[in-house]
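I opened the model to look up a few local features. My entries follow the display.

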Amino acid sequence: YINAVRSPHQRALFNMEELNAWSDRLAIGLTHLDIRPGDRVLLFENNNLEQLFVQVACAKLGAVLIAPSATQVKNTKALDRYIELYRPRLMILPQTSKKQNKYVDMMLELMPDIKRTGRMDALKSKKFPFLKRILVTSFQYQDRDLLRVPYIEEIMVNRVVPGYYENPLRRISLKLNANSPALIMPVSDNFNKSKHVVYSHGNILNLGNTLKSKIGSGKDDRFGVAETPGSIFGLAGVWTGIVSRGTTVYLNDKWNTQAVLKQVALEAITVLFATSKQVQAMLDHRDASHYSFNALKCIVFDETATEDLIATATKRFGLEKTLVIKGEHEFAGIREINGDLAPNLEIKVVNKQNKIVPHDTKGQVKVKGPTVSLGYWNDLGLMDEEYDADRFFQLFRTGTIDAKGKLTLAEKTKKSEI
């Protein structure tokens with residue numbers, strides 16, 4: 001099968017036609033819950049298909065998806081801060097078990113008035129007046145106190161009517177464009193210190209197309225995603241597979257080295273997206289020699305990859321190509337690939353007056369390109385004041401450009417050259 005998404009640990013496979021149909025049904029169901037263009041939907045989920053379904057559904061109705069990893073919500077205090085920062089109209093929680101859900105328990109602690117009504121599908125909260133509904137991603141949850149939480153499939157419409165007036169998505173689509181906000185995600189696991197970057201629909205598709213062109217991937221490739229789509233690195237893996245019209249495989253809901261090794265071999269993965277730490281864990285695992293990786297031809301590393309790790313992985317897996325992408329923890333989406341500037345990315349170095357400085361003069365680095373974000377999110381909302389009149393975005397990094405056009409970024413402990 002090609003042109004599909006697959007999740008072996010969920011025993012699920014959807015081709016693009018099915019993904020499109022399911023996301024249509026979900027998107028229309030969300031409009032019935034009064035979710036409108038510009039509304040925010042907060043989703044906590046691991047490396048599962050629900051991430052993709054909800055993302056596509058939100059894109060179709062113009063809602064903005066907030067997609068941190070479920071593992072980033074470690075306690076009630078963290079969940080409280082997420083809700084206060086993003087002010088979502090709808091929150092979707094992961095299902096942990098049929099009889100107990102720690103995320104629902106945390107919400108009950110934050111909103112004790114829920115128990116009085118026994119409902120999460122029509123909230124009237126004094127603490128979070130903007131939050132109207134809570135869903136879970138899988139089967140119906142009901143606790144010992146008979147608190148009922150609706151789940152995603154319950155709100156999906158049974159049939160999509162194609163007519164203009166009958167189908168709200170057709171009317172909403174007239175108001176959307178590639179620069180509309182689509183996704184908000186923190187750029188690090190440390191919530192308090194992290195920036196929360198806002199990406200557009202165009203950013204996401206260009207992210208996939210940029211890596212597709214560098215990999216040279218196509219419909220015969222199978223893309224293994226080991227990192228949660230709640231990170232820009234995991235998101236890049238999913239959408240590179242989709243725009244390549246190949247098969248995207250979610251290797252596991254949470255990182256498990258043995259499970260990932262097994263799936264990379266069994267699923268005949270040809271392109272693997274994995275962090276340096278994950279690849280090192282695969283190389284060091286005692287069962288690594290038990291599997292054959294003949295299909296694997298390319299690994300896409302994050303910016304922490306060392307030359308020794310790349311050489312070792314290339315020899316062990318018999319790779320034909322490796323890519324190291326940098327900038328995924330910044331607003332540029334992808335700043336460089338294998339030491340070269342990402343395609344169509346423009347960079348300038350300026351002084352405090354926003355004037356371009358001479359060669360070899362240190363200044364603020366600004367970027368412009370198809371993967372550069374719309375801005376960042378804070379308690380005031382979308383902040384784009386870091387854009388100048390020419391739509392160059394300040395990278396919050398200093399650097400210099402020499403006469404040959406080479407950019408050197410200055411950091412506290414090291415320098416990187418492009």
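For contacts I count heavy atoms within 4.5 Å. The model is predicted, so local features need pLDDT of at least 70, side-chain atom pairs count only at pLDDT 80 or more, and totals for chains, interfaces and linings use all residues. Residues are numbered from 1 along each chain as its sequence is written, and side-chain values use heavy atoms, with hydrogens and water left out.

Entry: Pro 168. I found Pro 168 in helix 7 (residues 168–173); helices (H or I, at least four residues) and strands (E, at least two) are DSSP runs numbered from the N terminus. Leaving out residues up to four places away in sequence, Pro 168 touches Ile 28 and Thr 31. I also looked up its C-alpha separation from Ala 27, which is 9.2 Å across 141 residues of chain. Pro 168 has a relative accessible area of 14%, so it counts as buried (under 20%; exposed is over 50%, partly exposed in between; 1.4 Å probe, protein chains only).

Entry: helix 3. In helix 3 (residues 76–86) I list Thr 76, Leu 79, Tyr 82, Ile 83, Leu 85 and Tyr 86 as buried. At the start of this helix, a side-chain oxygen of Asn 75 comes within 3.2 Å of the backbone nitrogen of Lys 77. Just after helix 3, Arg 87 has a positive phi of about 50°.

Entry: other positive phi values. Arg 245, not a glycine, has phi near 60°; I place Arg 245 in the loop between helix 9 (232–243) and strand 12 (247–250). Asn 338, also not a glycine, has a positive phi of about 50°. Asn 338 sits in the loop between strand 16 (336–337) and strand 17 (340–341), and I note it as partly exposed because its relative accessibility is 40%.

Key. Polar contact = N/O pair within 3.5 Å; in protein donor to acceptor, adjacent residues only side chain to side chain.
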